[in-house]
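Trainee: I would like to go through this structure and ask what the labels rest on.
Mentor: Go ahead, and we will set each value against its cut-off.

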Amino acid sequence: MSHPEHPNQFALLTQRRFAPFFWTQFLGAGNDNLFKFAFTVMVTYQIQVEWLPPAMAGLVIGALFISPFLLFSATSGQLTDKYDKTKMIRFVKWFEIVVMAIAAYGFMQANVPVLLACVFLMGLHSTLFGPVKFAYMPQHLNERELTGGNGMVEMGTFVAILLGNVVGGLLIAIPKVGAQYIAWSCIGVALLGRVLAQAVPSTPATDPGLKINWNPFTETWRNLKLAHESLVVFRSLLGISWMWFFGAVFLSQFPSFAKEVLHGDEHVASLLLVVFSIGIGIGSLMCEMLSRRHVEIGLVPLGAIGMSIFAIDLYFASRGLPASAPLTVSQFMAQTAHWRVMADLMLLSLFAGIYSVPMYALIQLRSQPSHRARIIAANNILNALFMIVSSVGVGLLLKFDFTIPQVFLITGILNAIVAFYIFMLMPEYLLRFIAFLATRLVYRFKVRGDEHIPTQGAAILVCNHVSFVDAVLLMAASPRPIAFIMDHRIFQIPVLGWLFKLAKAIPIAPQKEDPAIYEQAFARARKVLEDGDLVCIFPEGAITKNGELGEFKGGVMKLLETHPVPVVPMALQNLWGSFFSRVEGNAMTKPFRRGFWSRVGLVAGPAVPPPEVSVPLLRSRVQALIETPL
């Protein structure tokens with residue numbers, strides 16, 4: 001898919017393939033929250049319902065809204081894979097109009113049962129739209145745009161939630177006519193969403209022959225098994241669900257936290273929600289810049305670290321605040337002790353945005369297109385389950401007399417433990433994080449020609465071998481994992497050896513020295529190519545001792561005999577002379593030889609078709625890339 005280059009993710013809002021979809025989902029999320037919050041305020045403050053006491057209203061509304069995610073996500077995933085996603089979007093918007101018309105009657109008549117039924121139906125509306133939202137983007141955005149697109153949608157969703165809550169609260173509070181204003185506003189937003197949905201471009205079905213299984217229980221299990229076929233995808237689903245667990249702890253406790261710990265009024269609780277939403281939005285938008293327009297899962301550990309640090313600090317910031325009469329927002333802001341609390345909330349949510357956006361993009365990129373929506377549906381089911389567990393867990397802690405700051409502390413510590421466990425299970429996240437740090441802090445790393453690195457299908461990458469960290473830099477440049485064939489002696493080096501073993505690099509020895517290791521290396525490399533993945537060979541066979549490109553050996557040709565795949569020539573630049581190169585004999589003997597943040601580069605050239613590949617041609621291509629100005 002070829003699209004015009006755009007300067008940043010905001011430029012997507014000027015393009016038809018993204019803008020109508022973005023504003024349609026924005027209005028849907030806003031209408032959900034406009035309706036729910038207005039209804040919550042109505043039954044809490046304005047009308048008395050014996051069987052729905054105010055203390056239970058929020059809990060009941062939340063449970064009703066989330067229940068369709070458990071019951072119907074599996075079905076909605078199938079429908080999204082089977083039918084054109086644009087038609088699904090338009091159907092969902094028609095459904096929203098019908099539900100909001102019923103809700104309008106409920107508001108005008110103050111009919112609580114009708115409004116509760118509409119809460120369930122709006123939950124169903126969101127259940128149907130969820131898989132469409134995340135399966136739509138990979139069909140219209142390329143790999144370089146997915147992170148930015150997901151960042152925009154994540155930011156837009158939280159802004160819409162915030163605006164929906166604010167507008168819903170303000171309108172319903174207007175004496176005598178508040179319910180009417182809410183009724184007409186809900187219908188108006190739904191109608192506007194349907195008008196915008198008409199401009200969403202066609203998005204063909206990815207599995208039109210799919211036979212729908214209407215049993216939600218067996219289909220839910222089948223969806224989870226589909227997701228489990230790719231461990232990277234499945235564990236990313238669990239990682240996202242953990243983020244919803246984490247976020248639900250804080251969002252559910254804002255009213256109590258504001259009242260009991262910060263001694264603020266209800267407007268202070270709203271302020272906390274505003275700060276949290278702004279943090280999520282900023283973090284989501286930062287992902288494209290930090291990832292340099294790739295799906296950069298190295299950001300996930302960075303996000304997890306920030307989430308734990310600031311959740312734990314929130315405990316210390318909110319301990320022992322002096323009791324007082326309920327503070328207004330201005331009185332609350334006037335006390336400098338509260339600034340640290342708001343900074344912690346802002347930063348923990350900012351890092352939650354940095355944590356979640358690359359995971360969503362990774363799932364979209366690595367899922368099979370034919371059942372991508374069903375995998376997103378499996379994610380929605382897991383999200384709902386984790387949020388329910390979160391509510392139960394927080395309730396139990398509070399029942400056993402833990403304070404709200406202590407709940408935040410426990411959540412921050414749990415987040416660190418869960419993140420460490422996930423990164424040990426899935427070392428790709430940790431490796432990409434190390435590569436991310438190396439290319440941002442140790443070096444100023446510039447990549448050119450990265451559009452030649454395949455985002456799908458098997459290929460062989462060939463590159464000059466300048467230093468002990470060549471693989472780390474190549475890893476940072478590729479949106480996909482690379483299986484590196486490397487000299488077996490490198491694996492004996494402390495730290496680096498452990499790192500390359502974690503990366504599942506393939507050790508190789510000269511055939512004369514150890515024929516078993518030699519043959520095993522090629523067997524493993526062939527398996528990687530059979531699986532449709534990337535293999536990287538350093539054809540010189542060893543790290544250069546003089547900075548010049550050495551002679552190429554014939555390993556590439558040996559692989560092409562059985563697996564004729566494209567070969568992508570690449571060149572690392574300006575690494576000679578660095579701490580990790582052999583510029584003065586032994587590498588890694590003189591720290592800070594060139595200081596921090598020295599400029600290095602990687603250039604990728606066009607792929608060479610298998611029939612045209614020869615050892616001299618590859619060497620000349622790599623040499624030409626080395627000589628390209630940095």
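Mentor: K527 and D531 meet through their side chains in a salt bridge, at 2.9 Å from N to O. Keep in mind that this is a predicted model.

Trainee: Why is the contact of K527 and D531 called a salt bridge?

Mentor: The cut-off is a Lys or Arg side-chain nitrogen within 4 Å of a carboxyl oxygen of Asp or Glu. K527 and D531 have N and O 2.9 Å apart, so the pair qualifies.

Trainee: Why can such side chains pair in general?

Mentor: Opposite charges on side chains can pair when the charged atoms come close.

Trainee: Why is K527 called partly exposed?

Mentor: K527 has a relative accessible area of 45%. Under 20% is buried and over 50% is exposed, so a value in between is partly exposed. D531, at 46%, is partly exposed by that rule.

Trainee: How many salt bridges does a search of the whole structure find?

Mentor: The search finds 12. One of the pairs is R144 with D450, whose closest N and O atoms are 2.7 Å apart. This pair links distant parts of the chain, with R144 in helix α5 and D450 in the loop between β1 and β2, 306 residues apart.

Trainee: Are R144 and D450 buried or partly exposed?

Mentor: D450 has 12% relative accessibility, which is under 20%, so D450 is buried.

Trainee: What makes D313 and R340 a salt bridge?

Mentor: Their closest N and O atoms are 2.6 Å apart, and the limit is 4 Å, so the pair counts. D313 lies in helix α10 and R340 in helix α12, so the pair ties together parts 27 residues apart in sequence.

Trainee: Why is F400 called exposed?

Mentor: F400 has a relative accessible area of 61%, and over 50% is exposed, so the label holds. F400 is found in the loop between α13 and α14. A nonpolar surface patch of about 550 Å² includes F400, along with L385, I388, V392, L396 and F402.

Trainee: How do you know that β3 and β5 pair?

Mentor: Pairing takes at least two bridges, and 4 bridges join β3 to β5, so the strands pair. They run parallel, and F484 has C536 as its bridge partner in β5. β3 also pairs with β4 in the parallel sense, over 3 bridges.

Trainee: How many of the residues of β3 are buried?

Mentor: In strand β3, 6 of its 6 residues are buried.

Key. Residues are numbered from 1 along each chain as its sequence is written. This is a predicted model: local features need pLDDT of at least 70, side-chain atom pairs count only at pLDDT 80 or more; totals for chains, interfaces and linings use all residues. Side-chain values use heavy atoms; hydrogens and water are left out. Buried means under 20% relative accessible area, exposed over 50%, partly exposed in between (1.4 Å probe, protein chains only). Patches are made of residues with over 30% relative accessible area and no salt bridge: like charges are joined within 9 Å, nonpolar side chains (Val, Leu, Ile, Met, Phe, Trp, Tyr) within 5 Å. Accessible areas come from the Shrake-Rupley method with a 1.4 Å probe; for residues, only the protein chains shown count as cover.
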